[in-house]
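Visitor: I would like a close look at a single part of this protein. Please keep the explanation plain.

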Amino acid sequence: MMLLLTLTEMSLGRHYIAVFEATQNVMLKPTESWREALLDHRVMDLFFTVHRKIREDSDMAQDSLQCLAQLASMHGPIFPDETAQVSYLAHMVEGLLSMINGIEIEDSEAVGISNIISNLITTFPRSVLTALPSELFSSFINCLTLLTCSFGRSAALEEVLDKDDMVYMEAYDKLLESWLTLVQEDEHFPRGCFVQPAVQVFNSYIQCHLAAPDGTRNLTANGVASHDEEEINELQEDDRELFSDQLASIGMLGRIAAEHCIPLLTSLLEDRVTRLHGQLQRHQQHLMASSAPDSVDRKVLDDLYEDIHWLILVSGYLLADDPQGETPLIPSEVMEYSIKHSTEVDINTTLQILGSPGEKATSIPGCNRTDSVIRLLSAVLRTSEVESRATRASLIELLSPQMGKDIVWFLRRWAKTYLLVDEKLYSQISMPLSTAFGADTEGAQWIVGYLLEKVINNLSVWSSEPELANDTVELLVTLVEKRERANIVVQCENWWNLAKQFASRSPPLHLLSSPIQRTLMKALVLGGFAHMDSDTKQQYWAEVLHPLQQRFLNLINQENFAQICQEEAVKQEIVATLEALCGIAEATQIDNVGSLFSFLMDFLSSCIGLMEVYQNSPETVNLIIEVFVEVAHKQICYLGETKSMKLYEVCLTLLQVYSKNNLGRKRLDVAAEEDQYQDLLLIMELLTNLLSKEFIDFSDTDEVFRGQEQSTGAGRTVSAADVVLFGVNIVLPLMSQDLLKFPSLCNQYYKLITFICEIFPEKIPQLPEELFKSLMFSLELGMTSMSSEISQLCLEALSPLAEQCAKTQEKDTPLFIATRHFLKLVFDMLVLQKHNTEMTVAAGEALYTLVCLHQAEYSELVESLLSSQRDAVIYQRLADAFNTLTASSTPPTMDRKQKVAFLKSLEEFVANVGGLLCVK
């Protein structure tokens with residue numbers, strides 16, 4: 001460990017050891033003065049030799065591998081030029097290969113070796129990697145391939161044995177990330193050099209996830225099947241979330257080797273679905289012949305379902321990316337693969353297979369002359385069709401809800417990228433893909449109809465499976481969230497039937513859980529903004545929104561509503577309406593906000609009335625507040641001044657009623673669960689959403705409301721500040737230290753108070769004395785006793801407060817005195833305490849503004865620190881560092897250029913002396 005600490009200290013100073021201890025993977029950036037020592041190959045050889053000698057001792061082996069991982073990450077001014085980097089990297093790779101070859105890697109070495117490889121690939125520029133001798137580079141890639149496959153098999157074994165310490169899984173993840181880094185920049189490397197490695201890694205992954213005899217899933221080291229799979233899986237989150245990073249890497253490798261991987265997935269999936277179809281038919285015959293359904297052996301079925309599960313997941317990640325807000329594009333490798341083979345494709349046969357999910361692909365003449373990308377989609381549609389037919393044959397008990405989830409997840413991911421493919425977004429387009437899924441094609445219309453039918457079938461069959469029902473309605477949202485797709489959807493008779501069924505609360509849709517009904521409402525509202533003639537559109541809204549409004553008004557306007565409001569049927573109707581309102585708000589887009597805002601505003605006043613009626617029903621109160629939260633979250637950024645004021649007014653009224661109903665309410669149960677404080681969380685979310693208007697504003701003086709009557713807003717003075725500060729009056733007294741132990745409450749609270757300090761710093765000194773003290777105490781607590789994220793938020797709140805003091809130039813005010821106290825806290829944090837390096841910027845900005853405000857006090861802090869030093873060398877080093885720190889800003893003023901110069905000097909200050917005085 002001494003070697004490791006020596007490396008860490010010489011390159012980064014003791015200040016960074018805390019970070020090293022936390023991450024266990026510090027990058028090495030020594031200065032030029034270390035060039036002669038560290039570029040001497042004998043030093044590196046020594047580390048490799050040491051590891052060979054001690055590798056049997058697992059603790060020492062991990063330490064020596066950490067040293068090698070740091071050497072593998074070396075960068076910066078130590079290298080005089082690229083030639084030195086190439087020479088260093090070549091020797092490092094040679095040493096690594098020599099160390100690995102001929103040994104059986106120990107469990108304790110797996111993560112360390114993967115860190116070395118990861119650091120080499122992420123640290124050294126592509127030009128340096130490609131400058132390696134070609135034979136050495138090939139050996140390195142070959143070693144990476146073999147290690148990845150080996151660690152993957154060991155990781156699968158760890159899962160079967162349910163080991164606590166998943167070292168191979170961690171190492172495997174690290175190597176897959178390294179592959180992702182390499183193949184995403186493959187244009188720098190020799191063409192095709194990653195294809196064969198990609199094939200090997202992909203094959204290995206598939207093999208580990210298929211049942212015997214084709215695969216090795218659930219086989220222990222001696223080839224015996226494990227029977228604990230169900231028990232283990234029930235404790236885990238969904239595989240597509242749990243293994244999303246792995247699947248992304250495997251999907252990318254599959255694209256690199258599309259020629260091999262796409263046909264392989266298609267063949268495997270078609271085979272499994274054919275076998276599944278046969279099994280279900282046999283079980284159906286068995287059930288018809290036997291009165292004892294329990295005699296069905298599910299082992300073969302379960303193996304097939306698990307195989308299909310992994311094949312669909314890998315196919316989804318190979319064919320499409322999760323766009324995360326960007327316009328999803330067909331991956332270039334998939335497009336190129338389809339284009340390359342388009343001359344061999346019979347488009348009519350391809351479309352026939354696509355449009356015949358009820359038939360085996362291989363039973364259709366000419367099936368080998370089809371587009372492979374479309375054929376893979378067809379295999380998933382075939383899976384979907386087998387499932388649908390089984391439900392119609394009353395075989396639901398034999399089906400797997402997990403497979404149902406996988407199918408709609410895949411179809412949603414696929415539809416976002418391929419359905420109505422926009423040719424303008426691509427430099428070249430595949431004719432088969434364009435013909436099958438382009439705008440104005442029969443293929444696109446057919447598949448929209450098919451997906452809609454799938455959604456309706458799922459909602460009627462799987463309403464008791466919340467995750468599957470949720471994935472299904474998310475697929476529906478995908479079909480209507482883009483106007484071009486929605487235009488086709490609303491032409492389907494099934495869509496109108498679904499809308500009528502939902503509006504009338506008919507079975508089985510009324511059985512769906514509240515969150516799913518909310519998303520379904522969102523989809524129906526989005527569909528309503530598709531292209532329709534005015535009569536049709538009027539008819540649509542009359543069937544979707546009008547019944548909601550009428551039922552709600554008829555209910556709350558009944559003379560005996562106060563007597564019947566607590567009846568279960570009435571409460572259910574109220575809850576269903578509130579969920580629907582949230583769904584309507586969630587459907588907001590810039591081109592429909594005008595209509596939806598007006599519709600929702602009519603409800604919001606009534607909702608406030610319900611706050612009184614249901615004040616003793618926390619779940620209903622929370623849902624009412626949530627309606628306001630969603631409206632503010634989705635619509636505030638599009639509202640001009642007039643509409644914003646209306647929303648502020650109604651939110652203020654809501655808060656006043658909430659405050660009145662909660663007056664004197666004690667929250668003493670510190671052991672209570674976090675969800676008992678959901679109302680507080682929602683109130684803070686509402687206030688934060690209202691504040692976001694100051695950051696994100698797409699409105700154009702109510703431009704989106706043209707044609708609607710504009711009111712001038714004369715005589716109205718409610719502002720965001722009024723609402724937010726009234727809300728803070730409610731929240732602050734209730735936020736005890738015990739409540740801050742709940743992570744979501746804590747995060748939302750500090751996000752809110754930071755926003756307030758940044759947007760309305762002038763309002764902070766006007767707070768009542770007790771509230772002001774509470775706020776300052778919260779900031780101090782957040783800085784000193786919370787996570788680094790919370791601490792950073794609090795530091796960001798200090799700068800605007802100090803600037804506010806400087807602006808008013810009033811001394812001896814409570815805020816001025818508080819900022820003086822914060823100066824010492826921030827000073828101590830930067831100079832005397834270990835802290836996350838990411839916080840240096842936030843702390844530096846806060847320190848600079850506080851120093852501008854309290855220059856004399858800052859000088860006293862520096863003098864006091866220096867006078868306490870007994871070591872003359874440390875004294876001088878500190879004195880020089882402080883002089884350099886403020887040299888560029890003497891005297892410091894609230895000037896941006898000076899602040900930037902100070903922050904740059906602060907970086908050097910922290911690197912030079914930050915660790916000298918750290919209090920452990």
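Visitor: Which side chains meet in a salt bridge with an N to O distance of 2.8 Å?

Guide: First, a word on the source: this is a predicted model, in which local features need pLDDT of at least 70 and side-chain atom pairs count only at pLDDT 80 or more, while totals for chains, interfaces and linings use all residues. Residues are numbered from 1 along each chain as its sequence is written, and side-chain values use heavy atoms, with hydrogens and water left out.

The side chains are those of Arg275 and Asp271, 2.8 Å apart from N to O. A salt bridge is a side-chain nitrogen of Lys or Arg within 4 Å of a carboxyl oxygen of Asp or Glu. Both residues belong to helix H15, where they are 4 residues apart, or about one turn of the helix. Helices here are DSSP runs of H or I with at least four residues, strands are runs of E with at least two, and both are numbered from the N terminus. An α-helix has 3.6 residues a turn, so residues three or four places apart point the same way.

Next comes the matter of cover. Buried means under 20% relative accessible area, exposed means over 50%, and partly exposed is in between, using a 1.4 Å probe and protein chains only. Arg275 is partly exposed because its relative accessible area is 38%. Asp271 has 32%, so Asp271 is partly exposed too.

The pair does not stand alone. Arg275 and Asp271 are part of a network of salt bridges that also links Asp214, Arg217, Arg272, Lys299, Asp303 and Asp307. With relative accessible areas of 22% for Asp303 and 43% for Lys299, both count as partly exposed.

Helices H15 and H16 also have a part in the packing around helix H17. H17 covers residues 332–340, and its buried residues are Val334, Met335, Tyr337 and Ser338. They lie on the same side of H17, because they cover an arc of only 160 degrees around the axis, the arc being that of the directions from the helix axis to the C-beta atoms. Besides H15 (258–289) and H16 (299–319), the buried residues of H17 pack against helix H14 (244–256), helix H19 (372–392), H20 and H21.

Ser430 is buried because its relative accessibility is 0%. Leaving out residues up to four places away in sequence, Ser430 touches Met335, Ser338 and Ile339; contact means heavy atoms within 4.5 Å. The side chains of Ser430 and Ser338 are joined by a polar contact of 2.7 Å. A polar contact is a pair of N or O atoms within 3.5 Å; within protein, one must be able to donate a hydrogen and the other to accept it, and residues adjacent in sequence count only if both atoms are side-chain atoms. A polar atom of the Ser430 side chain also lies 3.2 Å from the backbone nitrogen of Leu433.

As for the whole, the protein has 43 helices and 0 strands, and the structure holds 38 salt bridges.
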